[in-house]
Amino acid sequence: MTERSLVLVKPDATARNLSGAIIARLEQAGLKLIALKMLQMDKALAGRHYAIHKEKPFFNELVDYIISGPIVAMVLEGEGAVERIRKLMGATDPRKAEQGTIRRDFGMDIQRNATHASDSPENAAKEISLFFSKKEICG
Ligand code: CMP
């Protein structure tokens, strides 16, 4: 099934000029880039984006980190896109991610792990609507 996923290049990766390299990996894997922007998230947007982690002990740290610098937000589309992108990214903790994955190659630690991607088509729809209006999606 054709799916969409929200991907964020996180502040640690934009700071190290890795946005292009990360987008290239996703495009080279055959995923279609249909929306793209750079922004700095504020606390309200971070709280909504990470609402499912509100009760986690690392929530405040996670919010402070994600608003600490610019991010690149994008929507990618393709057959089974959610799972394919999660595979390309690898495990949340870069040290546990497989060789050749984005987080293994570009992540630093579990918080500064270079990228975020939606974990289900349902969450993708919610996340995409937080970052992009319908008009901004060229799909
Ligand atoms: P992400 O895919 O953006 O979704 C939630 C984020 O929380 C996750 O990537 C990690 O960056 C972060 N995270 C998960 N577990 C921990 C943890 N134990 N300590 C700090 N951050 C974490």
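Me: Let's start with charged pairs. How many salt bridges does the structure hold?
Reply: Seven salt bridges are found in the structure. Keep in mind that this is a predicted model. One of the pairs is K37 with E136, where the closest N and O atoms are 3.1 Å apart.

Me: Which parts does that pair tie together?
Reply: K37 sits in strand β2, while E136 belongs to the segment after α7, so the bridge links parts that are 99 residues apart in sequence.

Me: And how accessible are K37 and E136?
Reply: K37 is partly exposed, with a relative accessibility of 24%. E136 also counts as partly exposed, at 35%.

Me: Is D93 buried or exposed? And R95, buried or exposed?
Reply: D93 is buried, with a relative accessible area of 11%. R95, on the other hand, is exposed at 60% relative accessibility.

Me: What about D109, what does it pair with?
Reply: D109 forms a salt bridge with R112, and their closest N and O atoms are 2.6 Å apart. D109 is buried at 18% relative accessibility, whereas R112 is partly exposed at 34%.

Me: Okay, new topic: the sheet. In what order do the strands come?
Reply: The order is β2-β3-β1-β4, in an open sheet of four strands with antiparallel pairing. The edges are taken by β2 (32–39) and β4 (115–117); each has a single partner strand, so one side of each has no neighbour in the sheet.

Me: How are neighbouring strands turned against each other?
Reply: On average, by 20°, with direction ignored.

Me: How many bridges join β2 to β3?
Reply: Seven bridges connect β2 with β3 (residues 71–79), and the two strands run antiparallel.

Me: Let's zoom out. How many helices and strands are in the protein chain?
Reply: The chain has seven helices and four strands. Along the sequence they follow the pattern β-α-α-β-α-α-β-α-α-β-α.

Me: How does the radius of gyration compare with the globule rule?
Reply: The chain's radius of gyration is 14 Å, close to the 14 Å given by the globule rule for 139 residues, so the chain is as compact as a globular protein of that length. Along its principal axes, the C-alpha trace spans about 35 × 35 × 25 Å.

Me: What share of the residues is buried?
Reply: Buried residues make up 47% of the 139. As for the accessible surface, it comes to about 7400 Å², and 52% of that belongs to carbon and sulfur atoms.

Me: And what share of the contacts comes from residues 24 or more positions apart?
Reply: Such residues account for 76% of the contacts with a separation of 6 or more.

Me: Last one! Where is N60 found?
Reply: N60 is in helix α4, residues 59–66. N60 is exposed, with a relative accessible area of 56%. From N60 to K43 the C-alpha distance is 10.0 Å, and the two are 17 residues apart in sequence.

Technical notes: Residues are numbered from 1 along each chain as its sequence is written. This is a predicted model: local features need pLDDT of at least 70, side-chain atom pairs count only at pLDDT 80 or more; totals for chains, interfaces and linings use all residues. Side-chain values use heavy atoms; hydrogens and water are left out. Two strands pair if DSSP finds at least two bridges between them. Axes are lines fitted to C-alpha atoms, for helices over the stretch in contact, and angles run from 0 to 180 degrees between N-to-C directions. The radius of gyration is taken over C-alpha atoms; the globule rule is 2.2 Å times the number of residues to the power 0.38. Buried means under 20% relative accessible area, exposed over 50%, partly exposed in between (1.4 Å probe, protein chains only). Contact means heavy atoms within 4.5 Å. Accessible areas come from the Shrake-Rupley method with a 1.4 Å probe; for residues, only the protein chains shown count as cover. A salt bridge is a side-chain nitrogen of Lys or Arg within 4 Å of a carboxyl oxygen of Asp or Glu.
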